[in-house]
Amino acid sequence: MTALRLTEVTTGNVRDACRLAVAPHQQEHVALVAQSLAEAYAQPDVAWPRLIYADDELVGFVMGCFDPDCPIEYFRCGIWRLNIADGQQGKGYGRFAVEAVLDEARRRGSDAATVFWVPGEHGPERFYLRLGFRPTGRIVEGQVLGRLEL
Ligand SMILES: CC(C)(COP(=O)(O)OP(=O)(O)OC[C@H]1O[C@@H](n2cnc3c(N)ncnc32)[C@H](O)[C@@H]1OP(=O)(O)O)[C@@H](O)C(=O)NCCC(=O)NCCS
């Protein structure tokens with residue numbers, strides 16, 4: 001059975017992290033890992049970046065967002081980024097990563113989590129619906145705002 005785990009980004013794994021790539025037709029749906037890490041560097045108290053390993057193989061990247069005092073409610077807690085490598089999708093790694101962020105959110109006392117997704121044929125909408133997120137009806141800068149009660 002494959003052992004899944006999240007790890008922090010370190011000097012030893014950051015280059016491999018920056019080489020993670022989703023399928024070409026998915027690239028418009030998520031930022032490059034390097035961009036996400038730059039954003040995490042700029043907001044270290046808010047961003048929660050983690051690498052996803054299956055046994056000893058790096059298979060993805062997830063970034064949670066925890067900013068409980070943010071005046072904009074939907075930025076207080078959620079999934080900020082999720083990239084499962086091309087060739088590693090459909091194996092439950094995305095679900096594992098989202099559930100790990102939700103566990104961290106519960107540990108911090110959050111009562112809901114949000115995510116934004118770009119609508120479209122190759123987007124992650126059905127993935128997030130499958131995991132229990134529901135559209136709020138709000139569209140922010142062209143992205144659907146989804147929410148899940150914890
Ligand atoms: C979306 C993404 C994160 C899903 O990760 P994944 O590891 O392939 O998904 P999982 O294998 O964990 O799937 C979990 C469940 O969602 C379902 N699912 C995943 N992608 C789906 C899709 N495109 N359509 C329908 N169902 C889907 C799976 O069938 C599975 O259901 P099950 O638990 O009942 O078997 C991945 O495809 C990805 O990285 N996409 C490109 C980047 C992206 O869009 N990121 C999100 C930015 S907000």
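In helix α3, the buried residues are Tyr93, Gly94, Ala97, Val98, Ala100, Val101, Leu102, Glu104 and Ala105; buried here means under 20% relative accessible area, exposed means over 50%, and partly exposed is in between (1.4 Å probe, protein chains only). This is a predicted model, so local features need pLDDT of at least 70 and side-chain atom pairs count only at pLDDT 80 or more, while totals for chains, interfaces and linings use all residues. Residues are numbered from 1 along each chain as its sequence is written, and side-chain values use heavy atoms, with hydrogens and water left out.

Helix α3 itself runs over residues 93–107, and its 15 residues reach 21 Å from the first C-alpha to the last, close to the 21 Å expected at 1.5 Å a residue. That expected span is 1.5 Å times one less than the number of residues. Helices (H or I, at least four residues) and strands (E, at least two) are DSSP runs, numbered from the N terminus. Just after α3 comes Gly109, with a positive phi of about 90 degrees.

Now to the ligand. It is surrounded by 20 residues, the closest being Leu82, Gly90, Gly92, Arg95 and Arg130; a residue counts as near if one of its heavy atoms lies within 4 Å. Gly90 brings a polar backbone atom to 2.8 Å from a ligand oxygen. Arg95 uses its side chain, where an N or O atom is 2.7 Å from an oxygen atom of the ligand. For Arg130, a polar side-chain atom also sits 2.7 Å from a ligand oxygen. On its own the ligand exposes 920 Å², and the protein buries 76% of that (Shrake-Rupley method, 1.4 Å probe).

Most residues other than glycine have a negative phi. Asp55, though, has a positive phi near 50 degrees, and it is found in the loop between β2 (47–54) and β3 (57–66). Asp55 is partly exposed, at a relative accessible area of 40%. Glu141 likewise has a positive phi near 50 degrees, in the loop between β6 (134–140) and β7 (143–149). Glu141 is exposed, at a relative accessible area of 80%.

Conventions
A polar contact is a pair of N or O atoms within 3.5 Å; within protein, one must be able to donate a hydrogen and the other to accept it, and residues adjacent in sequence count only if both atoms are side-chain atoms.
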